[in-house]
Amino acid sequence: MCGRLAQHRAAEKYLASLDLQQAMLIGRNGGEEIHRFNVAPTTRVDLIRPSENGLIWKAERRGWEPSWASRRVRNIINAAREKVATSAYYRAIWPNRAIVAVDGWYEWREAPGAKRKQPYYIRRATNEPLFMAAVGQFSAPDEEPKDTDQFRIVTADAEGGLVDVHDRRPIVFAKEVAREWLSDIALEYASNLLDEQALPADEFVWYPLATK
């Protein structure tokens, strides 16, 4: 997964698609359109996460590393489904789940005879929002934000026609599963959601974008 996202609807529209009407919105006017059509990696991205007082909508920085890491890894924006629930690397953030609600994401691939890679845009076939699984390190609502408040989107091997665009895909949930992901569930059950409930490739459409 390349990492660039489109997130341009208003928060209240994403929440309505999730059938969530009573979320606590921090730092975001629910009716204000986010209006970001090309969200770059390692920037702040609006997400939904649970707290003791309910659900929080807040922009957090995408890209996380454990404090003890001796060297920087190449990909700090995504967490592999194959490792996120079991690897000691992710132990600090695995319990802290979030949903990144977006309109689509971008991938680039080599084009025969072309000097530049061909960009593709991927979205739901129904044009409904995508609810991407994420894990991160977050401050409590009553605490000052920290520099370590960061997150990663969970990815898996691509399947179906998506393989032709990129070998990895984000884990995208249906709205019912996204609500479960945000609820107080056991970690083993959360792992099962990643393994069994990701939307299949036939739920998406993808098409090439014009290049200059």
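1. Start with the aromatic rings. Rings of Phe, Tyr and Trp (for Trp, its six-membered ring) pair if their centres lie within 6.5 Å; planes under 30 degrees apart count as stacked, over 60 as edge-to-face and the rest as tilted. By this rule the structure has 11 aromatic pairs. One of them is Y14 with W57: the centres are 6.0 Å apart and the planes are at 20°, so this pair is stacked. Helices (H or I, at least four residues) and strands (E, at least two) are DSSP runs here, numbered from the N terminus.

2. A quick word on what you are looking at. This is a predicted model, where local features need pLDDT of at least 70 and side-chain atom pairs count only at pLDDT 80 or more, while totals for chains, interfaces and linings use all residues. Residues are numbered from 1 along each chain as its sequence is written, and side-chain values use heavy atoms, with hydrogens and water left out.

3. Are Y14 and W57 buried or exposed? Y14 counts as buried, at 0% relative accessibility, and W57 counts as buried too, at 1%. The scale is this: buried means under 20% relative accessible area, exposed over 50%, and partly exposed in between (1.4 Å probe, protein chains only).

4. Ring pairs link W64, W68, Y89 and Y90 into a cluster. Elsewhere, R97 has its charged end over the ring of W181, 5.7 Å from the ring's centre. For a charge to sit over a ring, NZ of Lys or CZ of Arg must be within 6 Å of the ring centre and within 35 degrees of the ring normal.

5. Now the salt bridges, each a side-chain nitrogen of Lys or Arg within 4 Å of a carboxyl oxygen of Asp or Glu. The whole structure has eight of them. In one, the side chains of R9 and D103 meet at 2.2 Å, N to O. R9 is in the loop between β1 (5–7) and α1, and D103 is in the loop between β7 (97–102) and β8, so to speak a link between distant parts of the chain, 94 residues apart. Both R9 and D103 are buried.

6. D19 and R179 form another salt bridge, at 3.8 Å, N to O. D19 lies in the loop between α1 and β2 (24–25) and R179 in helix α3 (residues 175–182), so the pair ties together parts that are 160 residues apart in sequence.

7. E143 is partly exposed, at 38%, and K146 is partly exposed, at 41%. Bridges can also share partners, and in this way D19, K175 and R179 are joined into one network.

8. On a 1 Å grid over the protein atoms alone, a cavity is a set of points where a 1.4 Å probe fits but cannot get out, and a pocket is an open set with protein on both sides within 12 Å along at least five of seven lines; lining residues have an atom within 4 Å of a point. Grid points are joined across faces, edges and corners, and a volume is the space filled by probe spheres set on the points.

9. How many cavities of 30 Å³ or more does the whole structure have? The search finds one, and the largest cavity holds about 30 Å³ of space. Its lining consists of W105, E107, L162, V165, H166, R168 and R169, with β8 (104–109) and β12 (168–170) each supplying at least two residues.

10. The largest pocket has about 260 Å³ of space. Of its 13 lining residues, N75, N78, A79, A80 and Y90 are the closest to the centre. Strand β6 gives the most to this lining, with three residues.

11. The second largest pocket has a volume of about 210 Å³. Its lining includes R49, P50, S51 and R97, and strand β4 (residues 44–51) gives the largest share, three residues.
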